[in-house]
Amino acid sequence: CCFVQVDLDEPSLARLSDDIRYASERRFAGLNQLLLQEHFFLLESHQYRYSICLVSPSDMELAMNRRVLVDCIREHFPHGERYWDVSIASGSILQGLRRLRDSVKACREASKLHFIKGSNADIFYEEVESCLYQEPENRLEYPIPDTRLIAFIREQNREGISRELEELKT
C-alpha cells in the first residue's frame with residue numbers, strides 16, 4: 001500500500017478574485033471523479049485535501065499507479081499554473097494494509113519538505129529518505145545555527161523568512 005495526500009493550498013486561493021477562487025475550488029472538488037479507479041481508495045475528502053490509499057500486489061505496480069495518479073492530478077493542476085498551488089505528498093511504498101500507518105507517517109514527513117520545494121510540488125518519501133540518510137558534504141556547517149526561521153514559517157511571515165534565509169546564505 002501507499003498513502004498519498006493532495007492539498008490545495010488555501011493561502012494561494014486568498015489572493016484570487018472570488019470567481020477564480022470558486023472555479024479553482026470546483027476544479028479541485030472534481031478530482032473526486034479521478035480518484036474512482038480500481039487501485040485507488042479515497043480515505044478522506046475535505047474542501048482542500050484528499051487522502052488516498054493505493055493498493056496493489058507488487059511494489060512496482062504501486063509505484064506505477066502512484067505515478068499515474070500524480071500525472072492525472074497534474075493534468076488538471078499543472079505546475080506552472082498561476083492561480084492555485086496543489087501539493088502532492090506520498091508516503092513510502094509498503095506491502096500489506098497493516099503497514100498503511102507507516103506510509104501515512106512517511107507521507108507526513110514528506111509533506112514537510114514542501115517548505116523547501118515550494119507549495120506546488122510533488123514530494124515522494126523516497127526523496128526525504130535520501131536527504132535524511134545522506135551524509136552532509138561539509139560537516140562543519142551542520143547543524144543549522146539557531147534562527148527564527150521555523151517561527152517565521154509558522155507565522156507565515158514572508159519577510160522574516162526571506163531575511164533569515166539570506167542570513168543563512170552568508
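Predicted model: local features only at pLDDT ≥ 70, side-chain atom pairs only at ≥ 80, totals over all residues.
**Contacts, strands and burial, term by term**

Me: What is the average pLDDT of the protein?
Reply: The average is 78, and 81% of the residues score at least 70. pLDDT is the predictor's confidence in each residue, from 0 to 100. Residues 139-143 fall below 50. That stretch has one contact in the model beyond near neighbours in sequence.

Me: How many helices and strands are there?
Reply: Nine helices and five strands. Both are DSSP runs, numbered from the N terminus: helices are H or I with at least four residues, strands are E with at least two.

Me: Why does the length of α4 agree with its residue count?
Reply: The expected span is 1.5 Å times one less than the number of residues. Helix α4 covers residues 59-76, which is 18 residues, so it should span 26 Å. Its end C-alpha atoms are 26 Å apart, so the two agree.

Me: Why is Cys-2 called buried?
Reply: Buried means under 20% relative accessible area, exposed over 50%, and partly exposed in between (1.4 Å probe, protein chains only). Cys-2 has 0% relative accessibility, so it counts as buried. Cys-107, at 1%, also counts as buried. Buried residues make up 38% of the 170 residues. In strand β3 (residues 49-54), five of six residues are buried. In α4 the buried residues include Leu-62, Leu-69, Val-70 and Ile-73.

Me: What makes β1 and β3 a pair?
Reply: Two strands pair if DSSP finds at least two bridges between them. β1 (residues 2-8) and β3 are joined by six bridges, and they run antiparallel. Asp-7 has Arg-49 of β3 as its bridge partner. Strand β2 (residues 40-46) is also joined to β3 by six bridges, again antiparallel. His-46 stands opposite Arg-49 there. β2 and β3 form a hairpin with two residues between them.

Me: How do β4 and β5 run, parallel or antiparallel?
Reply: Parallel, with three bridges joining β4 (residues 86-90) to β5. Ile-88 stands opposite Asp-122 in β5.

Me: What is the strand order of the open sheet?
Reply: The five strands are ordered β2-β3-β1-β4-β5, with mixed pairing. β2 and β5 (122-124) stand at the edges, each with a single partner strand, so one side of each is left without a neighbour in the sheet. The twist averages 15° from one strand to the next.

Me: At what angle does α4 run to β4?
Reply: About 175°, with α4 lying across β1, β2, β3, β4 and β5. Axes are lines fitted to C-alpha atoms, for helices over the stretch in contact, and angles run from 0 to 180 degrees between N-to-C directions. Helix α5 (residues 100-112) lies across β1, β2, β3, β4 and β5 too, at about 35° to β1.

Conventions. Residues numbered from 1 in each chain as written. Heavy atoms only, no water. Contact = heavy atoms within 4.5 Å.
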